[in-house]
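Subject: Structure handover

Hi,

Here is the structure I promised to pass on to you.

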Amino acid sequence: MSTARATTSAQPAAAPTSADRVRQVTVLVGAAVAIVGAAFGSGAFGGQAIQDAAGGALAADATPVAPDGPAFSIWSVIYLGLAVFAVYQAVPRQATDPRLRSVSWWVLASMLLNAAWIGVVQTGILPLSVVVIGVLVAVLAVILVRLVRTPPTSAVQTLVLDGTVGLYLGWASVATLANVAAALTDAGVGEGGLGATGWGVLVVAAGAVLAVAYALFAARRPVVAIGTGLAMAWGLGWIAYGRANGPLVDGTVAVAAGIAAGVALLAPVLTTLRARRG
């Protein structure tokens, strides 16, 4: 029996297939195109910045749940992580990695959707931008599920893949809430009985609930869980800062967003510690 086990374990790993090589090259090239396209579309090399597009509907003071301007600097970290991932997954020895086989196409899809979202916002069609960013978050959620179900194969992969996806999902989730609010405001939808402040508190509370849900689900993968929480805390924290300072001040939303940021920050720490003890 032991000899049979030794023989089995000594068998070489399966050779990469042509599909593996096609995936690696396509993801690498597609990522480069998507990142450069997103940078151009967001005004990084001139042109109209996102906060100025659609008549300023996504500006830092457009709605009570709009993050203040510096919040968007997180994109630099996310883009860097995606670029490193694209190179990492293209390394020949990574071709047969089961985790990369499972998520690489989805990561590329998320990058293309992000570039598409920027393009849609630049056209000023905010309702369509809500649909696109909603699909983007759904794709990132699929990646999260697959990362949780499949253990990482190395510490480097954990950092490059789990860390990047966590930041990406967390920030995109906050951006979705802000995008929905911007689209409704731009469409002239009334504030109902709650008023702007009430709806602002409700939206940031929804962000806190979502952050807890992510933390509970991803508790077995600390890096992706904490990365998601950090990005959500970052976005919610800048909402709090924006409402406490600047042209659109709302003390109630500022406090609510600050509390939500604290929840987003602490939830993954608590859930991952609990999972480790279990």
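Helices (H or I, at least four residues) and strands (E, at least two) are taken as DSSP runs and numbered from the N terminus. By that count, the protein chain has nine helices and zero strands. The radius of gyration, over C-alpha atoms, is 20 Å, close to the 19 Å from the globule rule (2.2 Å times the number of residues to the power 0.38), so the protein chain is as compact as a globular protein of its 278 residues.

A word on the basis: this is a predicted model, where local features need pLDDT of at least 70, side-chain atom pairs count only at pLDDT 80 or more, and totals for chains, interfaces and linings use all residues. Residues are numbered from 1 along each chain as its sequence is written, and side-chain values use heavy atoms, with hydrogens and water left out.

Along the principal axes, the C-alpha atoms fill a box of roughly 75 × 45 × 25 Å. Of the contacts (heavy atoms within 4.5 Å) with a separation of 6 or more, 81% join residues 24 or more positions apart.

Now the annotation. The unreviewed UniProt entry lists "transmembrane region" at several spans, including residues 27-50 and 159-184; such annotations may be inferred rather than shown by experiment. Residues 159-184 are 100% helix and 0% strand, with end C-alpha atoms 37 Å apart. For residues 27-50, the figures are 62% helix and 0% strand, and the end C-alpha atoms lie 26 Å apart.

Best wishes
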